[in-house]
Amino acid sequence: MDEFSSGDQAPEWTSSSSDDSIYYEDEDSHQGVENTDNIESSIEKDDDKVTTTMLWSSEFDEEVHAYKAYIKYARDMGFVVRKRDLSRDEDVNLNRRYYVCNCQGTRDPKHYRLVDRKRNHKPETRIGCKAHCSVYLDKLSMKWRVKTLEEEHNHPMIPEQFVHLISSYRKLTEADKVRIVCMKEPGFQTSQIVGVLAKLAGGYDNLNFMKKDVYNFIDRDRRAKIENGDAAAAISYLQGKADVDPMSVTRYTLVNGNKLGNLFWADGLMINDY
């Protein structure tokens, strides 16, 4: 028997009928939703807003497509999604998935009972919100469809002008990364790079990231490069010590993307001391 992992009571699952309609046991759910149009492709377009009607009437080739659609809906509405329960069939294949608002549930009371706590509690974010979406795999069509969709939240939605500042929705695209690298190499300051990207996007409000994200990307890119970067300079310096110190040893490994993985070195004085 399939069971959900934890949390609030999961929806009652039923199999679909032999035609294109889906029927549900609970009286409050949508009845007889016709799936005449597959609009999965339109849901994935960034320019289109995802509505509840689109979610109910869509079918998806894979569970991840349904997840992306609900995330797009959540962003348009002004809340954040997280995955919760799942279920698998006898062959251990995923056949049901449950997505919830990130305010679902409550903080475990054990965190409040700690007597030796050194830090103050973080702000409470889980306030028992019941908004959720559940999807299941229709065995007849082998498509993923929406089973239940609760739209009501017990908290205010995030205003549209601030949604892009949420960490879950902040993202540097590959095009953004290429532009950043191309502008950083000739010596552009990070603040100037962000200004250029904002100009291309039509304003800072249209950026899907913050200045901090650009700083972090530049720092990771600089530290990761093995060629013409700090890592290459360090390796070159350590290997050059062998010319004046025959006991000097330097070893390093590379990982995917020609990036520095591990670095070990020891000079003659260190070896003698050991």
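# Questions on a predicted model

Student: Leaving aside its neighbours within four places in sequence, which residues is Thr 106 in contact with?
Tutor: The model is a predicted one, and in it Thr 106 is found in the loop between β5 and β6. With its neighbours within four places in sequence left aside, the residues in contact with Thr 106 are Arg 126 and Gly 128.

Student: How far apart are the C-alpha atoms of Thr 106 and Gly 128?
Tutor: Gly 128 is one of the residues that Thr 106 contacts, and the two stand 22 residues apart along the chain. The separation between their C-alpha atoms is 5.7 Å.

Student: Is Thr 106 buried or exposed?
Tutor: The relative accessible area of Thr 106 is 59%. Because a residue counts as exposed when that value is over 50%, the word for Thr 106 is exposed.

Student: How far apart are the C-alpha atoms of Ala 131 and Glu 152?
Tutor: Glu 152 is among the residues that Ala 131 touches, although the two are 21 residues apart along the chain. Their C-alpha atoms are separated by 5.6 Å.

Student: How many disulfides does a search of the whole structure find?
Tutor: A disulfide is a covalent bond between the sulfur atoms of two cysteines. For Cys 101, the closest cysteine sulfur belongs to Cys 129 and lies 4.0 Å away, which is too far for a bond, because the cut-off is 2.5 Å. Cys 101 is buried, at a relative accessible area of 0%, and Cys 133 is buried too, at 2%. Over the whole structure, the number of disulfides found is zero.

Student: What kind of pair do the rings of Tyr 70 and Tyr 99 form?
Tutor: The ring centres of Tyr 70 and Tyr 99 lie 6.1 Å apart, with the planes at 25 degrees. Since planes under 30 degrees apart fall into one class, the pair is stacked.

Student: Which helix and which strand does this pair of Tyr 70 and Tyr 99 link?
Tutor: The two residues are 29 residues apart, so the pair links distant parts of the chain, and both Tyr 70 and Tyr 99 are buried. The elements linked are helix α3 (residues 63-77) and strand β5 (residues 94-101).

Student: What distance does α3 reach from its first C-alpha to its last?
Tutor: The helix has 15 residues, and at 1.5 Å a residue its expected span is 21 Å. Just after α3, Gly 78 takes a positive phi of about 105 degrees. The reach of α3 is close to what is expected, at 21 Å.

Student: Where does Val 92 lie?
Tutor: Val 92 has a positive phi of about 65 degrees although it is not a glycine. Val 92 is exposed, with a relative accessible area of 57%. Its place is the loop between β4 (81-88) and β5.

Student: Over which residues does pLDDT stay under 50?
Tutor: The protein has a mean pLDDT of 77, and 79% of its residues reach 70 or more. Where pLDDT is low, the predicted coordinates should not be read in detail. The stretch where pLDDT stays under 50 is residues 1-45.

Key:
Residues are numbered from 1 along each chain as its sequence is written. This is a predicted model: local features need pLDDT of at least 70, side-chain atom pairs count only at pLDDT 80 or more; totals for chains, interfaces and linings use all residues. Side-chain values use heavy atoms; hydrogens and water are left out. Buried means under 20% relative accessible area, exposed over 50%, partly exposed in between (1.4 Å probe, protein chains only). pLDDT is the predictor's confidence in each residue, from 0 to 100. Contact means heavy atoms within 4.5 Å. Rings of Phe, Tyr and Trp (its six-membered ring) pair if their centres lie within 6.5 Å; planes under 30 degrees apart count as stacked, over 60 as edge-to-face and the rest as tilted. Helices (H or I, at least four residues) and strands (E, at least two) are DSSP runs, numbered from the N terminus. The expected span of a helix is 1.5 Å times one less than its number of residues.
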